[in-house]
Amino acid sequence: MSASLAEAGAPAQRATGWPIRRVAVLGAGTMGSRIAAHLANAGFPVLLLDLDNALVAKALEGLKKSKPAALASPEFLSRIGIGNFKNDLAQLTECDWVIEAVAENLDIKHDLLARVASHLRPYALLTTNTSGLPVAAIAQMLPNDLRRRFFGTHFFNPPRYMQLVEIIATPDSDPSAVAALSRFAEVHLGKTVVPANDRPNFIANRIGAFSLLNTIRIMQAQGLTIEEVDALTGKPLGWPKTGTFRLADMVGLDVLGSVVRNFAANTRDERADVQLPTFLEEMLNRKWFGDKTGQGFYKKQKGTEGEERLVLDLATLDYRAPQKPRLAALDMAKPIESLPERIRALLSGNPEKDRAAAFYWQILPDLWLYAAHRIGEIGDSLADIDRAMRAGFNWELGPFEMWDAAGVAETAEKLRAQGHTVPDALEGLLQTNEKSWYRHSGAEYFDPRTREYHPVEPSSAVVTLARAKRSNGVVTENPGASLIDVGDGVACIEFHTKMNALGGDIVNFVRQNLAPNADPVRNFRAFVITNDAANFSAGANLVQLLLAAQDEEWDEIDTYIAAFQQMTQAIKFCPAPVVVAPFGLTLGGGCEVSLHGVARQPHLELYMGLVETGVGLIPAGGGCKEMTLRALELANAASGSAVRSDSVELHHTMRTIFENIALARVSTSAVEARDLRLLRPSDAITMNRDRVLHDAKQKALAFAEAGYAPPLARTDIPAPGEPLLAALRLGVHMMREGEYASDHDVTVATHLATILCGGNITPGTLVTEQYLLDLEREHFLSLCGERKSQERIAYTLKSGKPLRN
């Protein structure tokens with residue numbers, strides 16, 4: 001008996017002509033089950049159907065174990081109901097959107113959709129998740145009325161993490177239905193929605209398949225190895241750091257095989273020389289699908305020193321030990337942080353002497369020319385092609401943005417000299433006065449049909465800091481941070497150091513600009529703290545801290561920590577509301593910044609934690625103080641009244657918080673950050689990364705319009721004191737006895753316990769927030785003097801991983 005959706009609640013949906021409250025997914029394979037999981041992440045009840053219930057149940061078990069995690073919380077699995085095609089199609093009458101995600105076979109899809117059609121509501125949307133079959137051909141057998149509600153929605157795997165959804169309309173598709181679902185996918189599923197034409201492999205896979213096959217062709221022609229190509233095509237180009245072949249293994253060669261076979265069989269364009277290589281066909285025949293089968297381009301096996309990775313020799317199809325690529329151009333380009341500058345540097349070499357330059361002068365022009373020929377065929381604009389590649393393949397820049405970085409006019413001249421046929425789109429561009437595909441910092445793109453520039457139109461809610469800077473300008477800035485007017489009386493504080501590490505520039509900027517009498521506080525109604533980088537903040541600047549500790553500059557460290565605490569207190573007690581919008585890595589000091597906002601507006605993908613113990617320290621920017629206050633709030637809520645400092649509720653809550661900090665736990669999602677008490681239940685989660693600033697701004701305005709008054713510093717905090725401290729110390733001792741903790745772990749944990757408990761004092765003693773801050777600073781300084789702490793900091797800076805000793 002399948003689970004019914006009738007018992008599940010549905011989130012509120014803004015009234016439109018095509019309301020979506022419940023969704024069904026047809027097909028419980030890898031893609032279908034993960035689409036269902038992400039719909040559950042967004043709060044929607046989902047019906048997942050396949051041939052029989054056992055298949056669906058197995059898929060749900062797979063979701064529990066999937067890596068990376070498909071579900072933002074294991075609890076969300078309960079939002080997915082199961083059923084089968086034979087007995088449960090009638091349940092589709094309860095659904096507003098039905099997604100077909102069965103095998104890439106036109107007959108199978110036709111047979112299933114014919115059975116499904118009669119069970120759909122008159123206003124239900126029906127879409128196919130085909131990755132390359134003609135959407136119009138799938139629609140042929142549908143009734144006329146259903147055709148207007150049918151189109152393609154091509155998700156990318158894994159759906160939780162890959163932003164792209166390509167929307168492929170047919171001539172019969174109702175534009176209002178397409179628009180409604182596009183907005184739903186953007187707002188509720190966090191997707192970058194790109195309209196694609198109904199051509200083989202649509203946009204991203206068409207460009208991606210060409211890029212993969214052409215890379216292999218060039219590799220073979222130039223005699224490069226798999227390791228060399230992965231080094232050349234990863235981070236240096238702003239592509240995933242795995243490179244071409246390691247990424248292929250992760251995605252699955254069976255999946256890529258389907259895409260490239262479809263490309264080879266159905267595309268008839270100017271690059272007939274790019275074909276499916278025989279060695280890849282043989283790998284597919286042998287079922288060497290990559291990570292999922294244990295071998296592909298790489299193979300893991302146990303060696304004398306543990307697990308080792310072998311690499312495939314494409315000539316013999318035997319595995320061998322990998323060799324470190326020796327490419328001087330990559331060493332030269334590695335320190336260059338700006339991707340446009342790095343691209344120019346990589347192309348500056350002599351192709352006749354520099355193997356890397358020879359590779360790049362083949363792969364990049366081929367990519368650019370191919371993409372230029374596809375404008376109007378696979379997508380209506382070059383901006384759509386770039387957006388699809390950024391969101392679908394995690395490229396930092398799309399092909400036309402990369403071309404602009406290299407210099408369009410300069411490269412075109414070289415391409416002509418090499419005998420390349422220049423596409424009409426490029427000819428049209430070169431006849432304009434401006435020699436780039438984009439202008440005004442990417443605000444406008446060139447349209448080859450009109451030979452004019454048009455605005456790049458994100459949704460109206462997508463407010464980026466780049467756009468705000470163009471519109472309103474930067475109010476004030478220093479090397480570490482900027483204050484940007486984002487409109488409607490709201491200003492945004494943006495960090496812009498490497499990994500947004502919190503050094504003196506950021507600390508001083510925030511505390512000065514949020515001070516009660518500062519000009520920004522007088523001139524703006526509210527503030528948001530966020531940025532447009534990949535991560536919110538990786539924490540304090542450990543390099544500065546380590547150097548000061550090694551030089552025994554204790555006064556300097558004390559001054560820095562005091563300033564850091566003043567910064568977080570300025571956020572908390574600012575006369576205007578300060579909403580923090582964290583995302584990505586939000587660690588250590590970055591987490592402490594977030595804790596002190598009046599509210600938070602996080603992105604779903606939030607990897608947040610007080611991780612200082614991982615480098616042998618404790619949170620000292622107010623993090624321990626804030627978590628103590630939250631423990632008291634939670635204990636009071638659990639008991640229904642103010643609890644005693646020795647109450648069971650308080651001790652239980654404090655022990656949980658102590659363990660979270662001591663073990664440097666990091667959330668795997670914003671949902672888990674709530675469980676770790678780093679977010680409050682009232683902190684709403686934004687699904688779309690591009691909407692985080694917009695949503696945070698609206699929340700800040702709501703506080704301002706409600707007549708915001710800042711909180712008063714607490715002077716009446718009942719410290720848990722000695723009894724809880726003794727209990728925590730006993731737990732740490734037992735961990736050491738069981739050899740689960742080192743001697744230095746015990747030292748760090750004891751310092752942490754002392755702060756959280758307010759010191760070794762009588763339980764119930766009333767202390768102030770400043771008292772707890774002083775404790776943080778005192779114990780932080782003590783740990784900075786520990787040799788083991790300095791070793792941990794140094795190891796972490798070198799390896800990027802915490803050291804346990």
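Arg-600 is buried, at a relative accessible area of 0%; buried denotes under 20% relative accessible area, exposed over 50%, and partly exposed in between (1.4 Å probe, protein chains only). The model is a predicted one, in which local features need pLDDT of at least 70 and side-chain atom pairs count only at pLDDT 80 or more, while totals for chains, interfaces and linings use all residues. Residues are numbered from 1 along each chain as its sequence is written, and side-chain values use heavy atoms, with hydrogens and water left out.

**Exercise 1.** Identify the residue whose side chain meets that of Arg-600 in a salt bridge, and locate both.

*Step 1.* A salt bridge requires a side-chain nitrogen of Lys or Arg within 4 Å of a carboxyl oxygen of Asp or Glu. Asp-683 meets this condition, with an N to O distance of 2.8 Å to Arg-600.

*Step 2.* Arg-600 belongs to strand 21 (residues 599-600), and Asp-683 to the loop between helix 27 (670-675) and helix 28 (692-705). Here helices (H or I, at least four residues) and strands (E, at least two) are DSSP runs, numbered from the N terminus. The two residues are 83 apart, and the pair links distant parts of the chain.

*Step 3.* Asp-683 is buried, with a relative accessible area of 1%.

**Exercise 2.** Is Asp-96 buried or exposed, and with which residue does Asp-96 form a salt bridge?

*Step 1.* The relative accessible area of Asp-96 is 2%, so this residue is classed as buried.

*Step 2.* The partner is Arg-121, and the closest N and O atoms are 2.6 Å apart. Because Asp-96 lies in the loop between strand 3 (80-84) and strand 4 (97-100), and Arg-121 in the loop between helix 3 (106-116) and strand 5 (125-128), the pair ties together parts 25 residues apart in sequence.

*Step 3.* Arg-121 is partly exposed, at 22% relative accessibility.

**Exercise 3.** Determine which parts of the chain are tied together by the salt bridge of Arg-246 with Asp-291.

*Step 1.* The closest N and O atoms of Arg-246 and Asp-291 are 3.1 Å apart.

*Step 2.* Arg-246 lies in helix 9 (residues 243-251) and Asp-291 in the loop between helix 11 (278-285) and strand 9 (298-303), so the parts joined are 45 residues apart in sequence.

*Step 3.* Arg-246 is buried at 14% relative accessible area, whereas Asp-291 is partly exposed at 42%.

**Exercise 4.** State how many salt bridges the structure holds.

*Solution.* The total is 43 salt bridges.
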